[in-house]
Every structure is written in C-alpha cells, then in structure tokens.
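Please examine the sequence and the structure shown below.

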Amino acid sequence: MTGRNWRACIALIAALTLAACSTTKTPVAGPGEYVVQPGDTLYRIASRTGRSPGEIARWSNLQDPDRLEAGQVLRVAPPGGASAPSPDASAPPPPPSRAGGADRPKPPRPAAREPDPVVPPAARRSDWGWPAQGQVVAGFNGSSNKGIDIAGNAGEPVVSIGNGSVAVTETLRGYGSVLMVDHGGSYMSVYTNVRSVLVKQGQRVQRGQKIAEIGNADAGHPKLHFEIRYRGKAVDPRQYLPAR
C-alpha cells in the first residue's frame, strides 16, 4: 500500500472515530435537575441540594432509591416549580419603549426566599419525643458537632422522635450505621452509632417506635449521635425536643 493510501486510511479512521464520539452525549442537568456522580447516594444528594431523600425520590419517580447509576438525571426541585435564576442587578436596564417614550422599565424584583428557621414551629415540641433515655454528653455547636450525643449502654433502644417515613438505612464512613426519618415539611431526624436496625427504607414509623439499638462507639463509650435537619441544614435538636 502506498504512502498516499496509508494517509487516506488514517484520515478515514479518524473521521469515523470522531463521528462515533459525537453520538455519545454526556447528560447535562437542566433547571432543578442533578446528574448522579459515581459514589453518590440519595442521602448525599439530598444533603448537597437541601432537599429530603423522599422529595427527590418522589419528584424523580424512583422505583428503587437504593439503585442510582452514574449519569442518571434526578429532579431536585418540584416539577414545574424550578426557580429561575435571580436577575443580575449589575446588568443595564432595557431601553425605554419607542412607542411610549414615557414608559420606564421596572427594576427587577429579587427572588423571594424563605428564611431559615430561628425557632421551631410551636407544634414540634409536642409532636416529637427524645430518641433515647440517656443524658446529653455533647451539645450542638453547628461546626464540630452538628447534633447532640446521648450517653447509653450498648443495646439500649433508639426510637423515632415522631411519625414519619424511613428515608435512609446505610453505613457511612465515620458514622457507622445511619438511619434517617423524613417527618415532612423538610424536617429529617438522623440517628448514627446504632446497631440492630429494625426498619427498612420506605417504612412508616410512629413516635416512640423502636428503630434500632445504641451501638459501640469509639473508645468504648456507647452513645447515640442524633441530629435534626431542616432543608438539609443541621439545627439544634434541643430547640425541637421536649424539655426534660
């Protein structure tokens, strides 16, 4: 085969390869969507987007929330309710209408944003109970501790603080076995350092129902680490639980 023919073959192979590559499209997230990355779980995506796993599963019509595939596109905002980007205040206003020179463009109205809760709804203290009977040995500070630690003995019961649906039952590095219960209204309760998990994802639970047992924590001091999250953000559980 002559040099000219070799060059022609190489050019043809390159053209075919480029055409084949061009038919493979990388999923792109649209407004209110998220593309699943390798190693993602529904809990991690919910924490990252400020939504609950139950909301994402419902909006995305997930048949099995435990099975996520890299490249899968999930909806992380209500269908038809994805908020549009906020207007750029630095952009120049549009020119006045030529037909009516007196018309002036209206300044852009900033997108409404619901503030984070400062205090819990009044009903929560009566709706919820404590997850374990022990004393609080470490309090919430919002940084190194995003919840409270409750002392106990290995095997003592861990109960759901209120009615809801089990959103997560999995093992995370640094947390051990993790349980999350979706209580609606963007509120989630989180239970870690547990063992003998007694519930399954998607199961409905009631206030005071035993869902697990306190496990053995580091340094041989059994305790329950407990969090309450609102829209994915950790809040001080003692503001939401009955005084004792």
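**Chain and enclosed cavities**

Of the 244 residues in the chain, 34% are buried (under 20% relative accessible area with a 1.4 Å probe, protein chains only). This is a predicted model, in which local features need pLDDT of at least 70 and side-chain atom pairs count only at pLDDT 80 or more, while totals for chains, interfaces and linings use all residues. Residues are numbered from 1 along each chain as its sequence is written, and side-chain values use heavy atoms, with hydrogens and water left out.

**Overall fold**

- The chain contains 4 helices and 12 strands (DSSP runs: H or I of at least four residues for helices, E of at least two for strands).
- The accessible surface is about 15200 Å², and carbon and sulfur atoms hold 54% of it (Shrake-Rupley method, 1.4 Å probe).

**Cavities**

- There are 2 cavities of 30 Å³ or more (a cavity is a set of points on a 1 Å grid over the protein atoms alone where a 1.4 Å probe fits but cannot get out; lining residues have an atom within 4 Å of a point).
- The largest cavity holds about 50 Å³ of space, a volume being the space filled by probe spheres set on the points.
- Its lining includes Ala 46, Pro 53, Met 180 and Arg 229.
- The second largest cavity holds about 30 Å³, and among the residues lining the second largest cavity are Gly 50, Glu 55, Ser 186 and Arg 231.
- Arg 51, Ser 52, Met 188 and Gly 232 line the largest cavity and also line the second largest cavity.

Key. 1 Å grid on protein atoms, 1.4 Å probe; cavity = no way out; pocket = protein on both sides within 12 Å on 5 of 7 lines; lining within 4 Å. Buried < 20%, exposed > 50% of the residue type's maximum accessible area, 1.4 Å probe, protein only.
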